[in-house]
Amino acid sequence: AVGVLGDLHIDPRYMEDYETGRDQWIKILDEHKGTHSGNVALVSLGDLGESKSVRPEETNELFAGTTECHEIAAEFLNSFGVPYEVVGGNHDLEGIDEFDTDAANLEMFLRVHGKPTPQFCRQIADKTLLVGLTSTVFRDAKYTSHEVTIDAEQLKWFEETVKAHPAEDGWKLFVFTHAPPNGSGLRVLQENHVVNGCCWLNHSNENECRKFIELVREHRCIKAWFSGHFHLGQDYQDSITFPTIDPKDGPYPNRGSCVFAQTSVMRKGTSRDTRQQSRLIRGNKDGFEICTVDHKDGGSVRVDATISYRGDNNEVGVYAHDDVAYKHDNFFKVYAPCAGDDLHEPDDGLVQYEDEMIMDKPITKETVAWWYMDCGRVLGMLNGMLIEYDKSTLAPLGLVVGADELLGKRIAVIESGEDAGCAVSFEEGMEGADCSEAVEAKEQAVLLIDDENGAVTVVQPNEDGSYWRKIVRNKMIRMKEVRRERAAKALASALMTDKEAQVVSSWGPYVGTSGTAKKTGVPGVTTNIANGASA
């Protein structure tokens, strides 16, 4: 049996929920010590401390990632009466005032929690391993510091580990990371993690982001993968996804032999949807159960899914109950395109076109449509935003055009370069062989058409060919900017005693210190263009 704790975000001012949750867990774990021959452990999915000052009257220093934070967290995790493992999340190296580098912060994290390496591997039963990977980048993040990044050394170790424990030899691996991998199919938050590019492991690196699901598909020893990060409860049916489903329910999901499970939070103040829940994994002779421990209901245990092994390479999951979420919880659900398969048509939102696509009607918040670019990239509409989706898994990657810039306009996709056509070979013996070389993808332009004033905006791709806007900057930089503004305001107030001080900043192309990007329009350029001026 394994207890799984989601994002703790411990705040030493508010320990009541943690103490109550721990007491509930101790009772559950003690019961399983006898029934599972002592094979009982606890895994924390990271984000151990609150990302704000816990003594605001004394200091502005963030609590998350500090030595004090991790010492309190280690003491708490050590008090459950069973061995614990922990993986680092996106806030666990956030001790930016105490440590100058990620390496120094990581060294403290490992030392305090008694971890020899960022990753871990623990045998919990016969040929059954618990495997965990830690996020090791915060200050050095190229984009948002809240991306969960598994470094190259850990990724190499993980690949070697799954190769060394093949399903054919009876091995079963349960994986734990703070964020889920691209392709997991779990419910995500469009207004936060999608638009900011921090949903998935190694989200901003296209090849690394897809690497995890490729390993899952190739190595069927990976039986389950647990993650947190979203602060969403476990009452949604899509808080657990199965590797295969009944064909009558939809296309084959292509998730190897792995079940993915989202894990909620323990403390009320950290929940996005009022749930306070943890996960319990219970092994049995046929497979395992994934359960919810409900901390608002006295620590009651509810079976959510039963997974039965079908030989070494396959497993079948069955939900133990219907979706028990409330109607208003649909707010948290993100539409994902469905491409279909041999038995199923693509969903109704797919727009298929030959040479060009020009939408007939302006975009509204109700518009649902998606399409393939000739290069293979996938774009789609949702809630008045243009989103890029992964071309393999169709998972959302990030925001391309915000609703502020898009609503009321039409979208067009047209050819913009010379047609590569078919290459004709003049090689001796191959004269006249049509299409002897691979045909390159057509060059295309994505346009926003404003019929009201005749303005047309070209949505240029990034240099790497992707479209989603990697515009959320490193938190370290933004924190320093806020402090400079605070210092400037203090000086201005002292100098200008007869008037209210107003402080502004210049960022070059940036417009603020916010860590959330929901808008892409440039006022006066791509939004609110007056008198038909061109964009």
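Strands here are DSSP runs of E with at least two residues, helices are runs of H or I with at least four, and both are numbered from the N terminus. Strand β11 covers residues 287-294 and strand β12 residues 300-309, and they pair in the antiparallel sense over eight bridges; two strands count as paired if DSSP finds at least two bridges between them. Click on Phe 288 and look across to Ile 307, its bridge partner in β12.

A word on what is on your screen: this is a predicted model, in which local features need pLDDT of at least 70 and side-chain atom pairs count only at pLDDT 80 or more, while totals for chains, interfaces and linings use all residues. Residues are numbered from 1 along each chain as its sequence is written, and side-chain values use heavy atoms, with hydrogens and water left out.

Five bridges join β12 to β13, and the two run antiparallel. Ser 308 stands opposite Val 316 in β13. This hairpin also has five residues between its strands, and Gly 311 takes a positive phi near 80°.

**The largest pocket**

Keep β13 highlighted, as this strand gives the most to the lining of the largest pocket, with four residues. A pocket is found on a 1 Å grid over the protein atoms alone, as an open set of points with protein on both sides within 12 Å along at least five of seven lines; a cavity is a set where a 1.4 Å probe fits but cannot get out, and lining residues have an atom within 4 Å of a point. Grid points are joined across faces, edges and corners, and a volume is the space filled by probe spheres set on the points.

The largest pocket has a volume of about 1,300 Å³. To centre your view, select Gly 185, Ile 245, Pro 251, Pro 253 and Arg 255, which lie nearest its centre among 42 lining residues. Colouring the lining by class gives 21 nonpolar, 11 polar and 10 charged residues. For these classes, Ala, Val, Leu, Ile, Met, Phe, Trp, Tyr, Cys and Pro are nonpolar, Asp, Glu, Lys and Arg are charged, and the others, Gly among them, are polar.

**Two loop residues**

Go to Ser 184, in the loop between β6 (172-176) and α5 (190-194). Is Ser 184 buried or exposed? At 0% relative accessibility, Ser 184 counts as buried; buried means under 20% relative accessible area, exposed over 50%, and partly exposed in between, with a 1.4 Å probe and protein chains only. Leaving aside neighbours within four places in sequence, Ser 184 is in contact (heavy atoms within 4.5 Å) with Trp 200, Thr 241, Arg 255 and Phe 260.

Then pick Gly 256, in the loop between β8 and β9 (259-262). Gly 256 is buried as well, with a relative accessible area of 5%. Beyond residues up to four places away in sequence, Gly 256 touches Val 216, Arg 217, Arg 220 and Pro 243.

The whole structure holds four cavities of 30 Å³ or more. The largest has a volume of about 70 Å³, and helix α6 (residues 206-218) gives the most to its lining, with three residues. Other places to look include His 203, Arg 377, Asp 390 and Trp 468, also in the lining of the largest cavity. Its lining divides into three nonpolar, three polar and six charged residues.

For the second largest cavity, about 60 Å³ in volume, select Tyr 236, Gln 237, Asp 304, Tyr 319 and His 321, which lie nearest its centre.

**The cores**

Which residues have the most contacts inside the largest nonpolar core? Select Trp 371, Leu 386 and Ile 411, in a core of 41 residues. Such a core is a set of buried Ala, Val, Leu, Ile, Met, Phe, Trp, Tyr and Cys residues joined through side-chain atoms within 4.5 Å. Leu 386 touches residues including Trp 371, Leu 379, Val 400 and Ile 411. A second, separate core of 36 residues includes Met 15, Ile 28, Leu 106 and Leu 110.

**Last stop**

Finish on Glu 153 in helix α4 (residues 152-164), which counts as exposed at 67% relative accessibility.
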